[in-house]
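Thanks, everyone, for making the time. I would like to talk through some side-chain contacts today, so please have the sequence and the model open as we go.

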Amino acid sequence: MLIACLLVPSLGLACVLAERPHLASRPVALTDMGQSRVLDCTSMAARYNIRPGLPLREATALCPSLIVVEERPARTARAAEALIEALGTVSPLVEAAAPGEVYADLRGLDGLYPRRDLLTHAILVAAPAMLRPRLGLADTRFTAAIAARAAAPGEARAVEPAEAAGFLAVQPASWLPLGTAVLERLRLFGITTIGGLAALPAHAVQAQFGTPGWRAWLAARGEDPTPLRPRPFEAERVIEVAQHEPPLIGREAVTLTVEQLLGRALRQPRAVRRFVRSVRVRATTEGDQLWERTQVLREPTGDRDRIWHAVRPLLEYAEYPGPIATLELELGGLTAESGRQSSLLDAERVRRRDQMDEMVRHLKLRYGLSPVARMVEVEPWSRIPERRWALMDYDP
Amino acid sequence: MVAHPRTSMGTHGLRPLGLPREIVVVVNQLGLPSAILRGSTVLGIAQVEELWRVSEAWWRIDALARTYVRLLLDSGRLLTLFHDDQCVPDDGWYEQRY
């Protein structure tokens, strides 16, 4: 077994049902934040012909007793992260293909997990039990995904290489990695199982459906050529998080906090003397709504001002979905140790700033915290005086 | 497995400036300050110069509702106080500098 797939189908809806299990047998529709369209629905709702993409008004007309739940992207993202970490406990090579669909390369783990049941147990124990994830183990990526789909919730299903073709043959064709239009054409051709596609000649499939069709044909025969694309190692990224109670309302306060997080992230030992390639900022509201932006820098840099220059516009023009309870900043794609030749003609101002920074570092070492603060505008327009200005630790 | 890089959480050192200070106030029948007690000293009030109300985020649990008064003291000094409207009239008075 080379590849594991940990799967929670319809992750957003699964998160809702994990919190409110009594809804599992009721017609429930998960909608977008504006409550305009159905994103997902339970099998009971599907009986009323409700399907993803349907306007909510039509859905409620089809099923008057429909229970409508608004999506909470931050909660879904947390669950997706928990699944990634679950597979990360057994293998460093983990790919997050989609929210709720994670793959791991299991090669070389025989010494750690001599029996397969030990391996599956380690993964399932690490995963959030409330979501009842399914685990598929197989020789190829596609077969592992189908094995996970075929497994019972909270259970594992392993498919040996010799039995892969036979296992896949009876699975529905709608599970093939093809677009909706192609799947509809397959249905019109009378191909309802994966085995139906595998039985066709390769050239005929390629002539009809092009390269994606040929890849799907290989996958259907248990020979999926798609490689695993592991996410970067932990050592290549640095994350800083700040939580706020009460949540931040003003844009200035968010901007200031992110600026401070950037300073802290760059001071982490893992980031020192290394250049950064990308910056991701994620803001979570108290209602679990999510705002996230990633800025890939024009060139790798370790200079705080240059990184801030790239990130700041994202924050200044941001439209947050609500008061911000959590802010997270991630520096990604850290390079190996790097340096930059500084100018021989440094300005006096820069020299003074460096001297002050050095002095504050000394004081911080002596007293355990920075005794110097700077005054910053937080919400200068506020009618509440104590919200207008704040002191922020001067922490070079 | 490398340890998760997330650091401990906190508000990272934003300390509000101009926080109100609690003050002891004697109120009249209208619920307005008639005198201020500062230790053993009683500060007389010559006149209520201005009165206004601030209400914010009424939909939240930590809603804010304050009644501000600008007072002219007997000494000729101006002083701004507010009353936290979630408290009883005798209690919840603060001095605030603008």
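A:Trp291 and A:Tyr320 are both buried in this predicted model. Across all chains there are six aromatic pairs, and A:Trp291 with A:Tyr320 is one of them, an edge-to-face pair with 5.1 Å from centre to centre and 70 degrees between the planes. Because A:Trp291 belongs to strand S11 of chain A while A:Tyr320 sits in the loop between H12 and strand S12 (324–332), this pair ties together parts of chain A that are 29 residues apart in sequence.

In chain B, B:Phe82 and B:Tyr94 make an aromatic pair as well, but here the rings are stacked, at 5.1 Å centre to centre with 20 degrees between the planes. B:Phe82 comes from strand S7 of chain B and B:Tyr94 from strand S8, so the contact joins parts that are twelve residues apart in sequence. How exposed are the two partners? B:Phe82, at 2% relative accessibility, counts as buried, whereas B:Tyr94, at 21%, counts as partly exposed. These two rings also belong to a cluster, in which ring pairs link them with B:Trp52 and B:Tyr68.

Let me turn now to the salt bridges. Side chains of opposite charge can pair when their charged atoms come close. The count over all chains comes to 24 salt bridges, and I will go through a few.

In one of them, the side chains of A:Asp288 and A:Arg72 meet with 2.8 Å from N to O. This pair links distant parts of chain A, 216 residues apart, with A:Asp288 in the loop between strand S10 (276–285) and strand S11 (290–301), and A:Arg72 in the loop between strand S4 (67–70) and helix H4 (73–88). A:Asp288 counts as buried, at 8% relative accessibility, while A:Arg72 counts as partly exposed, at 28%.

A:Glu316 and A:Arg312 also form a salt bridge, their closest N and O atoms being 2.8 Å apart, but both residues lie in helix H12 (residues 304–316) of chain A, four residues apart, which is about one turn of the helix. Both count as partly exposed, A:Glu316 at 36% relative accessibility and A:Arg312 at 37%.

In chain B, B:Asp85 and B:Arg53 form a salt bridge whose closest N and O atoms are 2.8 Å apart. B:Asp85 sits in the loop between strand S7 (78–84) and strand S8 (93–95), and B:Arg53 in strand S5 (residues 41–56), so that distant parts of chain B, 32 residues apart, are linked. With a relative accessible area of 25%, B:Asp85 is partly exposed.

Salt bridges also join into a network in chain A, which links A:Arg237, A:Arg280, A:Arg282, A:Glu292, A:Glu328 and A:Glu330.

Finally, the cysteines: how many disulfides does the structure hold? Over all chains there are zero. A:Cys15, for example, is in no disulfide, and the nearest cysteine sulfur, that of A:Cys41, is 16 Å away. A:Cys15 counts as buried, at 5% relative accessibility, whereas B:Cys87 counts as partly exposed, at 29%.

Conventions. Residues numbered from 1 in each chain as written. Chains lettered and ligands numbered in written order. Predicted model: local features only at pLDDT ≥ 70, side-chain atom pairs only at ≥ 80, totals over all residues. Heavy atoms only, no water. Salt bridge = Lys/Arg side-chain N within 4 Å of Asp/Glu carboxyl O. Helix = DSSP H or I, 4+ residues; strand = E, 2+ residues; numbered from the N terminus. Buried < 20%, exposed > 50% of the residue type's maximum accessible area, 1.4 Å probe, protein only. Disulfide = S-S within 2.5 Å. Phe/Tyr/Trp six-rings, centres within 6.5 Å; stacked < 30°, edge-to-face > 60°.
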